[in-house]
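I opened this entry to record what I looked up in one model. The notes run from the whole chain down to single residues.

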Amino acid sequence: MQEKRETGRRPVESFLPMKKRGYRQFVEVGNRETGKVAGHLMDFSLAGVRIMSDKEFAESVLYLLRADFPTSKSESAIVTFDATCVWCQQREEDDLYEAGFVFQHISEENLAVLRLLLAQQTEKPVRQ
């Protein structure tokens, strides 16, 4: 299948998992209406997201979601979007589900945040 995205998907783990006292910090994706956690972001592009969850998502359904990207120790960038689930499958190694979503509505401001996060992934990490 030919890649149709403007930019390729980048695993969030490549820039977000901040090792803090032996655990990783993941990007939570939540339902904007209920505030409940829907899952954790696995990767994203300017066209959509892939989420891992303990719940199964219905295909062809529009979800109103938000993702909280940690940007520093005390701040986060909240990205809100409406996305349609285009596939959902249970993983073989556990009871979790992976689901792919295509953005149906995302503001220019939120796209700008995603562009910035994608750009940060290509920068070389700074040693301290």
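I looked up burial first: buried residues make up 36% of the 128 residues in the protein chain. Buried here means under 20% relative accessible area, exposed over 50%, and partly exposed in between, with a 1.4 Å probe and protein chains only. The model is predicted, so I noted that local features need pLDDT of at least 70, side-chain atom pairs count only at pLDDT 80 or more, and totals for chains, interfaces and linings use all residues. Residues are numbered from 1 along each chain as its sequence is written, and side-chain values use heavy atoms, with hydrogens and water left out.

I then took the surface of the protein chain, which exposes about 8600 Å², with 48% of it from carbon and sulfur atoms (Shrake-Rupley method, 1.4 Å probe; for residues, only the protein chains shown count as cover).

For the fold, I found one helix and seven strands, in the order β-β-β-β-β-β-β-α along the sequence. Both are DSSP runs numbered from the N terminus: helices are H or I of at least four residues, strands E of at least two.

Next I checked contacts (heavy atoms within 4.5 Å). Among those between residues at least 6 apart in sequence, 55% join residues at least 24 apart.

Ser60 sits in the loop between strand E4 (48-53) and strand E5 (62-70). I noted its positive phi of about 70 degrees, although Ser60 is not a glycine. Ser60 counts as exposed because its relative accessibility is 64%.

Last, I looked at Val86 in strand E6 (residues 76-90). Its relative accessibility is 43%, so Val86 counts as partly exposed.
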